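Let's walk through this one together, from pairs of side chains up to whole chains. Keep the viewer open as you read.

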Amino acid sequence: MENILEIKNLTKKYPNFTLQNISFTLPKGMIMGFIGENGAGKTTTIKAILNIINSYSGEIKIFNLSHREHAKLLQEDIGVVLDDAFFPEILTPNDINNSMKGIFKNWDTKMFYNYLQEFSLLPNKQIKTFSKGMRKKLEIATALSHHPKLLILDEPTSGLDPVARAEVIEIFQSFIENVDCSILLSSHITADLEHVADYITFINEGKIILSKTTNELLNEYGIVKCTEKEFQNIAPEDYIKYKKNKYEYEILVSDKKAFKAKYNIKVIDKITLDDLMVLMIKGEE
Amino acid sequence: MEIIISNSSNIPIYEQIKEQIKSKIISEELPEGEMLPSIRSLAKDLRCSVITTKNAYEELEKEGFVKTIPAKGIYVAKINLALAKEEAYHKLENILTTAITQAKMNDISKKDIIDIINILYEEVL
């Protein structure tokens with residue numbers, strides 16, 4: 001499978017934080033969910049991909065091109081929604097359409113107005129009258145309307161209500177109906193990712209701790225719940241992390257079938273991405 | 001075509017999709033040669049990931065229920081219905097054998113087993 005995005009050994013040092021040897025790849029036609037705590041390095045990684053920060057080491061290739069050498073070219077093909085960047089409040093969607101026409105060669109006015117209608121955004125209203133959710137939708141509409149091949153979205157569903165989130169997620173799925181397009185999407189709303197993301201990449205304290213298919217994570221990983229006595233009989237190589245709670249032990253295992261075959265322990269639950277994050281970050285080895 | 005997915009089931013979603021398409025092929029609700037939805041449109045309509053529907057189709061293809069014609073689409077393959085049914089019976093026999101063994105070990109009578117089956121038959125979707 002061809003990759004649309006390849007990151008190799010990306011390292012960036014800040015006084016209090018280091019992004020260490022980040023490597024992952026996103027194949028064509030897929031959605032990757034990018035998860036991690038606040039401050040884990042998601043936004044820094046995204047900004048490195050977008051060439052917003054510099055002086056980092058490592059290699060980032062987009063559509064097989066080095067993104068530093070082809071920045072201008074790549075800008076056309078990447079649609080972006082950032083968590084902390086908003087359009088100036090006095091602009092209207094009409095103004096945005098006019099300025100984007102000058103920025104993107106492939107800007108599609110018709111598509112933009114279709115999205116405005118779909119999202120019930122009035123073209124002649126100033127952005128300052130928009131709610132947080134409406135602003136997000138406007139950014140998503142803008143990111144999609146220049147026919148990008150790669151969408152990079154930092155928390156695109158935050159601030160949206162469940163109905164709007166479902167709408168937006170459906171639009172993302174339509175976007176990858178085109179086999180040449182992919183999405184890298186960071187989100188704290190992990191339920192959205194469990195359904196539609198093909199891959200999950202998990203970053204913690206500036207390091208990638210796993211990058212796998214969502215199916216592998218949700219179908220093969222499990223949470224074992226057992227007593228202290230049972231826990232002591234489990235070989236350390238058979239689990240990834242454990243957490244001692246007041247009434248029970250919670251143990252993260254990477255292959256629940258194999259675990260079930262080896263140990264006689266009754267409760268092995270399916271995991272959610274939330275459980276996975278908590279145990280990976282708070283659990284002990 | 002109707003496909004019902006449970007997100008709270010312990011059965012992986014790709015398997016749920018696979019089994020449901022398979023049973024529609026065996027029951028001939030999906031006849032030979034019928035074109036199936038593409039991997040991507042099925043993923044979108046079922047609100048699941050592309051890899052999930054891809055896995056489901058790959059397994060169906062491996063088991064001979066569908067065939068992919070490159071650049072055209074995915075179609076219901078010519079299958080030996082009698083053989084497929086026989087396989088289903090065989091699988092069922094295996095499961096029931098395990099259940100009956102378990103029952104015998106615990107002194108549960110034949111009548112009780114049949115009663116349980118009757119109750120469960122109505123409960124299972």
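A salt bridge here is a side-chain nitrogen of Lys or Arg within 4 Å of a carboxyl oxygen of Asp or Glu. Keep in mind that this is a predicted model, where local features need pLDDT of at least 70 and side-chain atom pairs count only at pLDDT 80 or more, while totals for chains, interfaces and linings use all residues. As for bookkeeping, residues are numbered from 1 along each chain as its sequence is written, chains are lettered from A and ligands numbered from 1 in the order in which they are written, and side-chain values use heavy atoms, with hydrogens and water left out.

Start with chain B. The side chains of B:Lys111 and B:Asp115 make a salt bridge, at 3.0 Å from N to O. Why can such side chains pair up at all? Side chains of opposite charge can pair when their charged atoms come close. These two sit 4 residues apart in helix α5 (residues 110-123) of chain B, so about one helical turn separates B:Lys111 from B:Asp115. (Helices are DSSP runs of H or I with at least four residues, strands are runs of E with at least two, and both are numbered from the N terminus.) With a relative accessibility of 57%, B:Lys111 is exposed, whereas B:Asp115 is partly exposed at 30%. For those words, buried means under 20% relative accessible area, exposed means over 50%, and partly exposed is in between, using a 1.4 Å probe and protein chains only.

Now move to helix α3 (residues 50-62) of chain B, where B:Lys54 and B:Glu58 are also 4 residues apart, so about one helical turn lies between them. Their closest N and O atoms are 3.7 Å apart, in another salt bridge. Both ends are partly exposed: B:Lys54 has 28% relative accessibility and B:Glu58 has 42%. Chain B also has a network of salt bridges linking B:Lys18, B:Glu19, B:Lys22, B:Glu59 and B:Glu63.

Step back and look at chain B as domains, whose bounds come from an automatic or database domain assignment. Domain 1 covers 13-76 and domain 2 covers 81-123. Their contact (heavy atoms within 4.5 Å) takes 6 residues from domain 1 of chain B and 4 residues from domain 2 of chain B. The C-alpha centres of the two domains are 29 Å apart. Between them they bury about 360 Å², with 65% of it on carbon and sulfur atoms; buried area is the accessible area (1.4 Å probe) that two parts lose on being put together, summed over both. How many salt bridges join domain 1 of chain B and domain 2 of chain B? The count is 0.

Next comes the interface between the chains. Chain B and chain A bury about 1,500 Å² between them, 47% of it from carbon and sulfur atoms. On the chain B side, B:Arg40, B:Lys44 and B:Ile51 supply 45% of the area buried against chain A, more than any other three residues. In all, 17 residues of chain B and 18 residues of chain A take part in the contact. There is 1 salt bridge between the two chains: B:Lys44 meets A:Glu177, with N and O 3.7 Å apart.

Inside chain A, follow A:Lys149. This residue forms a salt bridge with A:Asp77, at 3.9 Å between the closest N and O atoms. The pair links distant parts of the chain, 72 residues apart: A:Asp77 is in helix α2 (residues 71-77) of chain A, and A:Lys149 is in the loop between α5 (132-144) and β7 (150-154) of chain A. Is A:Asp77 buried or exposed? A:Asp77 is buried, at 16% relative accessible area, while A:Lys149 is partly exposed at 35%.

A:Lys149 is also in contact with A:Asp180, as are A:Ile4 and A:Lys28, leaving aside neighbours of A:Asp180 within four places in sequence. A:Asp180 itself lies in the loop between α6 (162-175) and β8 (182-186) of chain A and is partly exposed, at 36% relative accessibility. Over all chains, the whole structure has 19 salt bridges.
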